[in-house]
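Visitor: Please take me through one part of this structure in close detail. I would like the side-chain contacts, both within the chains and where the chains meet.

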Amino acid sequence: MPKRKRRSLERARRIIHTCRMVEERGLNPFNVEVREELETLDDQLGELKSYEELCLDVEAVNMLTKVVKAQKDWLSEEASVFYADPAFIEYKLRKMPTKAIVDVFMRAWKPIACVEEISREKLVEAIEYWNRLKPLKSRWGRFTGGYKPREYIDLEELKRQGIIVDETFYSDLEKILNELKEAYETRRSVSYWSFISGGSFEETVKRAYMLSFLLTYGYAELKKIPLREDYTVAPREPVEVKAPSESLPISIDYERWRELSGGGSFG
Amino acid sequence: MAEAMRVKARRAAQLLLFQRHREPGVKGWELKRALGRNYLKVLEVLDSELEKIGLQVKMVKPKDVEDLDKARFMVTVKEPLNVGDATSSGWRIDEIAALAASVAFIISKHGKVQRRELEEFLEEKFPRWFVEYSISKFIGRGYLKRESGGVLTLGWRAEVEIDRKLLLNLILRSKSEQS
């Protein structure tokens with residue numbers, strides 16, 4: 001990739017990162033020079049050709065619009081409290097005795113009044129419910145086939161129920177890693193959804209589950225594809241990361257799997 | 001007052017005062033369903049009745065939403081309580097102080113603060129275990145709201161119950177420990 005283009009992409013990523021910090025951490029949005037950043041994006045637009053590069057540019061513009069909104073909120077906030085210097089408020093708070101803080105707060109605090117007692121109507125409903133309710137033994141019996149005396153459960157049964165794992169878990173993990181390496185060597189860019197997609201919904205969930213372990217242990221990495229609900233997944237050598245880990249929930253439901261696989265059956 | 005209106009105002013008081021959900025208050029659409037289309041008029045009548053006993057009807061609209069059906073209505077006290085009233089309703093004085101300091105600290109930081117930053121601020125005056133317990137309690141009660149990235153903002157209850165402008169003015173006008 002030419003150096004000039006690489007620099008343009010880095011600039012777009014930097015803008016996205018800075019805007020995200022403002023959005024998530026509540027930093028002063030006026031620290032972002034919106035006009036300057038928009039001009040930068042405008043200047044470098046001609047260098048961006050591929051779909052992914054253009055998406056990155058659009059995401060940067062989108063994040064800048066969020067900063068403009070944050071600037072508006074910031075000004076409204078300052079106007080609503082008759083702009084008082086935050087550092088001065090903090091200083092006063094640190095110096096105020098606890099009792100004085102309480103006294104001040106009590107003058108500005110008007111708590112909600114609500115009754116937490118049960119009403120007569122609810123009490124009647126509750127009594128009717130109690131009268132209709134069958135004893136626990138008969139209700140549980142329907143699902144479990146009655147009471148069974150307690151007994152020990154053996155290792156094989158625990159494995160069968162998936163409560164504990166045996167060596168096959170690690171061999172499966174290795175198998176998924178090898179598959180990922182193979183896919184990466186042939187395609188270089190492996191889509192998360194296409195990788196986890198299996199012949200059945202159960203298999204898809206299992207592949208996503210196994211992949212999550214590879215990601216946690218650092219054997220694979222995930223990168224968001226801008227403006228798409230997808231990620232690229234790539235194998236890597238595990239490295240010791242000192243920064244705090246982040247979790248990324250990706251939900252998989254049956255409908256999503258059907259879309260991916262173009263129909264199919266459960267299980 | 002017409003009898004029909006009196007009945008509706010009584011019904012509105014029941015709806016607003018008896019806690020129906022985990023969070024107190026009733027949504028506009030629930031009141032409309034129970035009281036009819038003129039539910040705002042009924043609330044006005046109820047408000048004037050409640051005023052006599054030191055209470056008021058308050059409305060909170062979600063940010064950037066104009067639709068009153070989505071607003072939450074509740075009853076709050078009209079005049080400030082004294083510390084004794086609050087402590088007798090289950091608040092410890094150090095909890096009130098921690099809540100006051102947390103709310104003021106967040107307002108001073110433009111409504112967003114890292115949880116760690118708030119903890120460090122409170123730990124100047126309270127032990128660590130108490131700070132952690134209090135922040136969790138304030139989140140649970142709706143005074144603070146947990147956002148992504150370990151950020152805390154003011155919760156819905158702080159918006160309803162606390163007069164932010166007044167709180168800041170009183171803090172700025174107060175005498176500090178050393179002065």
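Guide: Start with a cut-off. A residue is buried under 20% relative accessible area, exposed over 50%, and partly exposed in between. B:Lys109 has 24% relative accessibility, so B:Lys109 counts as partly exposed. Note that the model is predicted.

B:Lys109 has a salt-bridge partner, B:Glu117. Their closest N and O atoms are 3.4 Å apart. B:Glu117 is also partly exposed, at 32% relative accessible area.

Two further bridges in chain B can be read the same way. B:Lys145 forms a salt bridge with B:Glu147, with 3.8 Å between the closest N and O atoms. B:Lys145 is partly exposed at 43%. B:Glu147 is partly exposed at 32%. Then comes the bridge of B:Glu3 and B:Arg6, with the closest N and O atoms 3.4 Å apart. B:Glu3 and B:Arg6 are three residues apart in helix 1 (residues 3-17) of chain B, so about one helical turn separates them. B:Glu3 has a relative accessible area of 48% and is partly exposed. B:Arg6, at 37%, is partly exposed as well.

B:Arg115, B:Arg116, B:Glu119, B:Glu120, B:Glu123, B:Arg128 and B:Glu132 make up a network of salt bridges. Over all chains, the count comes to 27 salt bridges.

Now to where the chains meet. Here 43 residues of chain A are in contact with 60 residues of chain B. The size of an interface is often given as the accessible area lost when the parts come together. Between chain A and chain B, the buried area is about 5000 Å². Carbon and sulfur atoms give 66% of that area. A:Trp109, A:Lys110 and A:Ile112 supply 14% of what chain A buries against chain B, more than any other three residues.

The rule finds two salt bridges across it. A:Arg94 and B:Glu124 meet through their side chains in a salt bridge, at 2.1 Å from N to O. On the side of chain A that touches chain B, the elements giving two or more residues are helix 1 (3-25), helix 3 (51-80), helix 4 and helix 5 (98-108) of chain A. Helix 5 of chain A gives the most, with nine residues.

Aromatic rings also bring the two chains together. A:Phe105, A:Trp109, B:Trp91, B:Phe138 and B:Tyr143 form one aromatic cluster. The structure holds 14 aromatic pairs over all chains. One of them is A:Phe88 with A:Tyr91, stacked at 6.4 Å centre to centre and 15° between the planes. Both lie in helix 4 (residues 86-95) of chain A, three residues apart, about one turn of the helix. A:Phe88 is partly exposed at 39%. A:Tyr91 is partly exposed at 42%.

A:Phe201 and A:Tyr254 pair edge-to-face, at 5.5 Å centre to centre and 90° between the planes. A:Phe201 is in helix 11 (residues 201-217) of chain A and A:Tyr254 in helix 12 (residues 254-261) of chain A, so the pair ties together parts 53 residues apart in sequence. A:Phe201 is buried at 11%. A:Tyr254 is partly exposed at 23%.

Last, charges over rings. A:Arg207 lies over the face of A:Phe195, 4.8 Å from the ring centre. In chain B, the charged end of B:Arg72 sits over the ring of B:Trp156, 5.6 Å from its centre.

Conventions. Residues are numbered from 1 along each chain as its sequence is written. Chains are lettered from A and ligands numbered from 1 in the order in which they are written. This is a predicted model: local features need pLDDT of at least 70, side-chain atom pairs count only at pLDDT 80 or more; totals for chains, interfaces and linings use all residues. Side-chain values use heavy atoms; hydrogens and water are left out. Rings of Phe, Tyr and Trp (its six-membered ring) pair if their centres lie within 6.5 Å; planes under 30 degrees apart count as stacked, over 60 as edge-to-face and the rest as tilted. Helices (H or I, at least four residues) and strands (E, at least two) are DSSP runs, numbered from the N terminus. Buried means under 20% relative accessible area, exposed over 50%, partly exposed in between (1.4 Å probe, protein chains only). A charge sits over a ring if NZ of Lys or CZ of Arg is within 6 Å of the ring centre and within 35 degrees of the ring normal. Contact means heavy atoms within 4.5 Å. Buried area is the accessible area (1.4 Å probe) that two parts lose on being put together, summed over both. A salt bridge is a side-chain nitrogen of Lys or Arg within 4 Å of a carboxyl oxygen of Asp or Glu.
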